[in-house]
Amino acid sequence: MSSHKQLINSSKMDRFILLLNKILLSLVVLVVTIPLMYVLLGSFLQPSVLLTKGISFDPAHWTIDGYIRIFEDGTIVRGFINSILYASGFTLVAITFTLLAGYALSVDDLVGKKFFVVFFLIAMFFNGGMIPTYLVVRSMGLLNTPWAIILPGAVGVWNLILARTFFKGIPNELKEAARIDGASDIMIFWKVILPLAKPIIFVLALFAFIGQWNSYFQAMIYLDDRSLYPLQLVLREILIQNEVQPGMISDQLARAEMQRIAEMIKYSSIVVASLPLLVMYPFFQKYFEKGVMVGSLK
């Protein structure tokens with residue numbers, strides 16, 4: 001009888017916890033969704049209406065002028081293309097070297113394995129800082145080139161540990177069977193390990209792409225040529241410095257009109273800058289949870 005009561009109390013507690021989790025998750029979804037919806041709807045509204053009345057669903061107050069001006073302006077389009085190239089190149093370099101190094105560190109009989117692990121862990125918590133990094137980039141002749149954005153920081157130690165942990169969870173019997181069949185270490189990595197590593201590959205790709213896509217500080221330090229600016233640096237000039245690119249306006253417009261255009265372009269630019277990530281995430285979602293959990297818990 002007592003066990004039956006305990007079971008009933010336990011089921012009530014479980015239902016209460018599930019209800020509490022649903023409420024908390026709903027609040028988190030609202031906190032995340034409301035700003036996104038505000039920016040999305042604001043990008044289609046006339047700035048004067050948005051500032052005075054807020055979000056309006058009256059079709060008379062809607063406009064796509066902000067998007068038209070964005071795609072007519074060469075600076076933003078060129079920045080968008082640059083960001084795609086930088087993020088894609090950074091992701092390719094990061095995945096290649098992270099997978100190779102992570103697999104090498106997962107091999108038990110690697111010579112000097114402990115030294116390399118300790119070396120990477122020290123580098124994870126301590127680094128030379130901005131000025132030594134800048135001097136290294138300059139001495140290598142990478143300043144004012146796309147490689148100054150792609151190469152520095154391409155291999156993150158945390159991602160390396162994540163990949164190493166994932167590879168250590170792959171049974172050794174698979175590698176031994178391939179070695180008996182005459183496969184070399186490279187063939188084992190290419191034919192056996194990589195097909196099983198799709199979850200961690202997609203997770204690392206997502207981390208690398210998002211990190212580079214949202215980055216602007218490196219470009220601000222290493223790039224002087226405005227034609228190489230990524231989209232984030234162009235947005236910084238619009239959002240923080242409240243500047244409108246010369247190609248967007250004519251000389252006859254008044255200061256008030258310039259501010260109106262700047263306000264309109266802000267929201268439209270944020271939406272355009274977020275599109276690649278919003279489009280990309282659904283395709284990576286099914287691998288994301290599996291890759292993170294397996295790589296971090298095994």
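Reply: A residue counts as buried when its relative accessible area is under 20%, as exposed when that value is over 50%, and as partly exposed in between. By this rule, 35% of the 298 residues of the protein chain are buried. The model is a predicted one. The protein chain contains 14 helices and 0 strands, so in order along the sequence its pattern reads α-α-α-α-α-α-α-α-α-α-α-α-α-α.

The largest pocket holds about 890 Å³ of space. Several helices contribute two or more residues to the lining of this pocket, namely helix 4 (74-106), helix 5 (113-125), helix 6, helix 8 and helix 12 (217-222). The lining comprises 30 residues in total. Of these, Asn127, Pro152, Gly153, Ala154 and Val155 lie nearest the centre of the pocket.

Helix 8 covers residues 157-168, which makes 12 residues. From its first C-alpha to its last, helix 8 reaches 16 Å, close to the 16 Å expected at 1.5 Å a residue. The buried residues of helix 8 are Val157, Asn159, Leu160, Leu162, Ala163, Thr165, Phe166 and Phe167.

Helix 6 (130-139) is another contributor to the lining, and the loop between helix 6 and helix 7 (147-150) contains Asn144. The phi of Asn144 is near 60°, a positive value in a residue other than glycine. Most residues other than glycine have a negative phi. Asn144 is partly exposed, because its relative accessible area is 30%.

Leu204 belongs to helix 11 (residues 198-213). Its relative accessibility is 3%, and Leu204 therefore counts as buried. The C-alpha atom of Leu204 is separated by 8.0 Å from that of Ala94, although the two residues are 110 residues apart along the chain.

The surface, finally, carries a nonpolar patch formed by Met13, Phe16, Ile17, Leu19, Leu20, Ile23, Leu24, Leu27, Leu30 and Ile34. Together these residues have about 940 Å² of accessible area. One of them, Ile23, lies in helix 1 (residues 2-42). Ile23 is partly exposed, because its relative accessible area is 44%.

Conventions:
Residues numbered from 1 in each chain as written. Predicted model: local features only at pLDDT ≥ 70, side-chain atom pairs only at ≥ 80, totals over all residues. Heavy atoms only, no water. Helix = DSSP H or I, 4+ residues; strand = E, 2+ residues; numbered from the N terminus. Expected span 1.5 Å × (residues − 1). Buried < 20%, exposed > 50% of the residue type's maximum accessible area, 1.4 Å probe, protein only. Patch = residues over 30% accessible without salt bridge, like charges linked within 9 Å, V, L, I, M, F, W, Y side chains within 5 Å. Areas by Shrake-Rupley, 256 points an atom, 1.4 Å probe, with all protein chains shown as cover. Salt bridge = Lys/Arg side-chain N within 4 Å of Asp/Glu carboxyl O. 1 Å grid on protein atoms, 1.4 Å probe; cavity = no way out; pocket = protein on both sides within 12 Å on 5 of 7 lines; lining within 4 Å. Points joined across faces, edges and corners; volume = space filled by probe spheres on them.
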